[in-house]
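Please look through the sequence and the structure shown here before reading on.

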Amino acid sequence: MPGLILVGAGPGLGTSVARRFAREGLGVSLVARSAATLAQAEAVLAPYGVPVAVYPADAGRPSQLEPALASAVRDHGIPDVVVYHAAVVRADAPGDLTPDELAETWSVNVQGVLVTALATIPGMQERGSGSFLVTGGLPHPLPSHLSLSLGKAGARALTSMLADHFGPHGVHVATITVAGTIAPGTSYDPDVIAEQYWRVHRQQPDAWETEHLYDGAPTTY
């Protein structure tokens, strides 16, 4: 089965999301920059007995990301769900980054979302079903995290536009915005947050959310 394509398969929430979908029997295609990261995530998924494939690529470089996604679609078919979780997470205040450095963060935080969407959503549109979910964060911009605040704001705006464009054709596009610091054993435990991705993916069209804000409070189906 086509299953999940996860871009940004790092430890923590990325791996938790992959594990949550694997629990439901979906095959998983993992995209990440580091071979070591991919191997670690692949090992975590091994006990679930689902097909797992890995595709090394830097989410901020279309010359790597586009062929990786094309290979995943060619190898496994149009996915049921795509999760874009790649991001450059760093503390930087106004004046800390050169224009080139800011552009580099933007290429991962926002440009990669669009590259991934254009590589996967048209196939979902043709089929008439599928979910495209983007990890959001920092609903309130912080001057101590300028590049991430700009990137997450841009990603949410882009996701909203993609939802307006593709939603009428059967593709559920949404942002899962995490409004706190992810930490195991808290209400922001990555396994708890991963449940939100599965919940949003399973929403019926008449109940689709474009943005789900997870603020640490329990969520009912």
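This is a predicted model: local features need pLDDT of at least 70, side-chain atom pairs count only at pLDDT 80 or more; totals for chains, interfaces and linings use all residues.

Residues are numbered from 1 along each chain as its sequence is written, and side-chain values use heavy atoms, with hydrogens and water left out.

**Nonpolar cores**

- A nonpolar core is a set of buried Ala, Val, Leu, Ile, Met, Phe, Trp, Tyr and Cys residues joined through side-chain atoms within 4.5 Å, where buried means under 20% relative accessible area (1.4 Å probe, protein chains only).
- The largest nonpolar core has 31 residues, of which Val 7, Tyr 84 and Phe 132 touch the most other members.
- Elements that each supply at least two residues of this core include strand E1 (4–7), helix H4 (99–127) and strand E5 (131–137), and H4 gives the most, with 7 residues; helices (H or I, at least four residues) and strands (E, at least two) are DSSP runs, numbered from the N terminus.
- Another core, of 29 residues, lies apart from it, and among its members are Ala 32, Leu 38, Leu 133 and Ala 194.

**Helix H4**

- H4 has 29 residues and reaches 41 Å from its first C-alpha to its last, close to the 42 Å expected at 1.5 Å a residue, the expected span being 1.5 Å times one less than the number of residues.
- A kink of about 45° in H4 is centred on Ser 107, the bend being the angle between axes fitted to the seven residues ending there and the seven starting there.

**Backbone angles**

- Gly 128, which follows H4, has a positive phi, near 90°.
- Leu 138, in the loop between E5 and H5, has a positive phi near 45° although it is not glycine.
- Most residues other than glycine have a negative phi.

Definitions and conventions: Buried means under 20% relative accessible area, exposed over 50%, partly exposed in between (1.4 Å probe, protein chains only).
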